[in-house]
Amino acid sequence: LLTAQKRIASKIPLFFGKTPSAPAGIRRLSPDLEEAVTYGYYQQPTATDPRGYIVVDDELRTSVPGTWALGDANGRGAFTHTSYNDHQIVADNLLDGGKRKVGDRLVTYALFTDPPLGRVGMTEAEVKKRGKPALVGVMPMTRVGRARERGETQGFMKVLVDAESERILGAALLCIEGDEIVHSILDVMAADASYRVVERAVHIHPTVSELIPTLLEGLRPLGA
């Protein structure tokens, strides 16, 4: 809703979104490839969802035997890192007898804004929707010495934790180097370890990530 109020901004991004174009895109590459992907060797149509993405199971198999869909085409992640992980899952399962699944990977991404945003796992709204006890820690960047030293105190760091299992549920780091620091949280989540592993670790001073243990020391009940 536009108003008569004056707005000040350095840049105004305009987003149009995107829709899957698998059939047309494949057709432009190769008609033969389109036939193979669309019907497979069994001459069965490949199922797509209402948005046009190719439907896959947790190991990225399509509805056509012997056919897998990786990357943007399957709607399971529109990032380079998720597309590459699709390749790792299929290659490991096909060639090395692995049992890797898309559902096992953590949802994570970064926005390379100023300051950058690093995100992993659940949002605060999603955690509240679970209806289970949870903890939250929030730290403004004005409390981080390295951020003050560099004059980049915009943003905050937030971590969400399951109060019973002590597992980290998600994190949002909108701050200087947030796109890098988020990996210190992501790795603990991937290891299925307690947040206390990070809380009790000794981090290097002076860095931004050294305040992650301090952030976790200040956890409080979510919604309190």
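The expected span of a helix is 1.5 Å times one less than its number of residues. In this predicted model, helix 3 covers residues 80-95, which is 16 residues, and its first and last C-alpha atoms lie 22 Å apart, close to the 22 Å expected.

**Helix 3**

Buried here means under 20% relative accessible area, and exposed means over 50%. By that cut-off, the buried residues of helix 3 are Thr82, Asn85, Asp86, Ile89, Val90 and Asn93. They lie on the same side of helix 3, because they cover an arc of only 135° around the axis. An α-helix has 3.6 residues a turn, so residues three or four places apart point the same way. Thr80, Tyr84 and Leu95 are exposed on the other side of helix 3. After helix 3 comes Gly97, which has a positive phi near 70°.

**The largest pocket**

Helix 3 also takes part in the lining of the largest pocket. This pocket has a volume of about 320 Å³. It is lined by 14 residues, and those closest to its centre are His81, Thr108, Tyr109, His183 and Leu186. Besides helix 3, the elements that give two or more residues to the lining are strand 1 (108-111) and helix 6 (178-190). Helix 6 supplies the largest share, five residues. By residue type, the lining divides into six nonpolar, five polar and three charged residues.

**Backbone features in the loops**

| Residue | Feature | Value | Loop |
|---|---|---|---|
| Pro115 | cis peptide bond from Asp114 | omega about 5° | between strand 1 and strand 2 (117-121) |
| Asp192 | positive phi | phi about 55° | between helix 6 and helix 7 |

Pro115 sits in the loop between strand 1 and strand 2. Helix 3, strand 1 and helix 6 each give two or more residues to the lining of the largest pocket.

Conventions: Residues numbered from 1 in each chain as written. Predicted model: local features only at pLDDT ≥ 70, side-chain atom pairs only at ≥ 80, totals over all residues. Heavy atoms only, no water. Helix = DSSP H or I, 4+ residues; strand = E, 2+ residues; numbered from the N terminus. Buried < 20%, exposed > 50% of the residue type's maximum accessible area, 1.4 Å probe, protein only. Arc of directions from axis to C-beta. 1 Å grid on protein atoms, 1.4 Å probe; cavity = no way out; pocket = protein on both sides within 12 Å on 5 of 7 lines; lining within 4 Å. Points joined across faces, edges and corners; volume = space filled by probe spheres on them. Nonpolar A, V, L, I, M, F, W, Y, C, P; charged D, E, K, R; others polar.
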